[in-house]
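Here are a few exercises to work through with the model open. Try each one yourself before reading the solution.

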Amino acid sequence: MSAIIKTAEDIEGMREAGRLAAQVLEMIGPYVKPGVTTGELDKICHNYIVNELNCVPAPLNYGQPPFPRSICTSVNHVVCHGIPDDGRQLKKGDAVNIDVTVITPKGYHGDTSKMFHVGKVGPHVERLSRITQECLYKAIDIVKPGITLGDIGHVIQEHAEANFYSVVREYCGHGIGKGFHEEPQVLHYGKPGSGEKIVAGMTFTIEPMINAGGRQTKLLGDHWTVITKDRKLSAQWEHTILVTETGAEVLTKRSEESF
Ligand code: MF3
Ligand code: CO
Ligand code: CO
């Protein structure tokens, strides 16, 4: 079993999906302010995805039990898959990962997430977010045909651990296309040269989850929310990429980014 190699038509479809997913993160930025609830952020994203982009939010009703919202919002010690709710307002100093996946009318998925800082945050929050983003960027930097999945995991693990952080093991990046989660699994740790070889035409996500404390996680009783066992901070950044003949094309690039 291995990755689906995308056709020229698939690639065009994935470029559109990636661009639209990125647009959602650009749109929601100004709303992430003290006092807003994650439930409100979910509603704004849902309406934008459905009404402005003419897409479907992939998380809604995904999996078992069905995920009940249209985006994931993971605050502070939540590692991933946080469920938006109206119960708690974001406050100054919080960090929240917003993870957006859209399905275009042609059936292609674009999956991307970033950290947002609520008001001014402390230096530890700032540093964890920055190092985690650097982990993603360093991984994207080395992608080209001929490297292996283990090479990607290795650069992420090296950078995280060199900065005294740990890499979450239970969740990983994934192939993506007409399917939300396709082969291969893209681990965020590993050994150089190990694992499947990367070839042009693959599309997959890289989405490192990096913890300030230990790497262990715990799944809450809602069967979705993943937290750090020690309740210390966690951060995540995600892009969907296409492997080209010479490197990587970042399909979910935002205008604030230059690749
Ligand atoms: N967007 C997540 C990912 O990066 C998956 C979320 S699944 C959900 O793979 F059901 F929780 F939304
Ligand atoms: Co993903
Ligand atoms: Co995602």
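## Exercises on the ligand sites

Keep in mind that this is a predicted model.

**Exercise 1.** Find out which residues are closest to ligand 1, and which side chains make polar contacts with its oxygen atoms.

*Solution.* Start with the shell: 14 residues surround ligand 1, and P59, D111, H181, E207 and E238 are the closest. E207 has a polar side-chain atom 2.8 Å from an oxygen atom of ligand 1. For E238, a polar side-chain atom sits 3.0 Å from a ligand 1 oxygen. With D111, an N or O atom of the side chain is 3.1 Å from an oxygen atom of ligand 1. As for cover, ligand 1 taken alone exposes 340 Å², and the protein buries 97% of that.

**Exercise 2.** Describe the pocket and the make-up of the shell around ligand 1.

*Solution.* First the space: ligand 1 takes up the largest pocket. Then sort the shell residues, and you get six nonpolar, four polar and four charged.

**Exercise 3.** Work out which protein atoms hold the cobalt ion (ligand 3), and why its arrangement is irregular.

*Solution.* Along the chain, the donors follow the spacing D-x11-D-x126-E. Next check the angles: the six donor atoms around the cobalt ion (ligand 3) subtend 58 to 167 degrees, so the arrangement is irregular.

Note on methods. Residues are numbered from 1 along each chain as its sequence is written. Chains are lettered from A and ligands numbered from 1 in the order in which they are written. This is a predicted model: local features need pLDDT of at least 70, side-chain atom pairs count only at pLDDT 80 or more; totals for chains, interfaces and linings use all residues. Side-chain values use heavy atoms; hydrogens and water are left out. A residue is near a molecule or strand if one of its heavy atoms lies within 4 Å of it. A polar contact is a pair of N or O atoms within 3.5 Å; within protein, one must be able to donate a hydrogen and the other to accept it, and residues adjacent in sequence count only if both atoms are side-chain atoms. Accessible areas come from the Shrake-Rupley method with a 1.4 Å probe; for residues, only the protein chains shown count as cover. On a 1 Å grid over the protein atoms alone, a cavity is a set of points where a 1.4 Å probe fits but cannot get out, and a pocket is an open set with protein on both sides within 12 Å along at least five of seven lines; lining residues have an atom within 4 Å of a point. A molecule sits in a cavity or pocket if more than half of its atoms lie within 2 Å of its grid points. Ala, Val, Leu, Ile, Met, Phe, Trp, Tyr, Cys and Pro count as nonpolar, Asp, Glu, Lys and Arg as charged, and the others, Gly among them, as polar. Donors are N, O and S atoms within 2.8 Å of the metal (3.2 Å for Na, K and Ca); water is not among the atoms, so sites may look incomplete. Four donors count as tetrahedral if all angles lie between 85 and 135 degrees; four count as square planar and six as octahedral if opposite donors are over 155 degrees apart and all others between 65 and 115; anything else is irregular.
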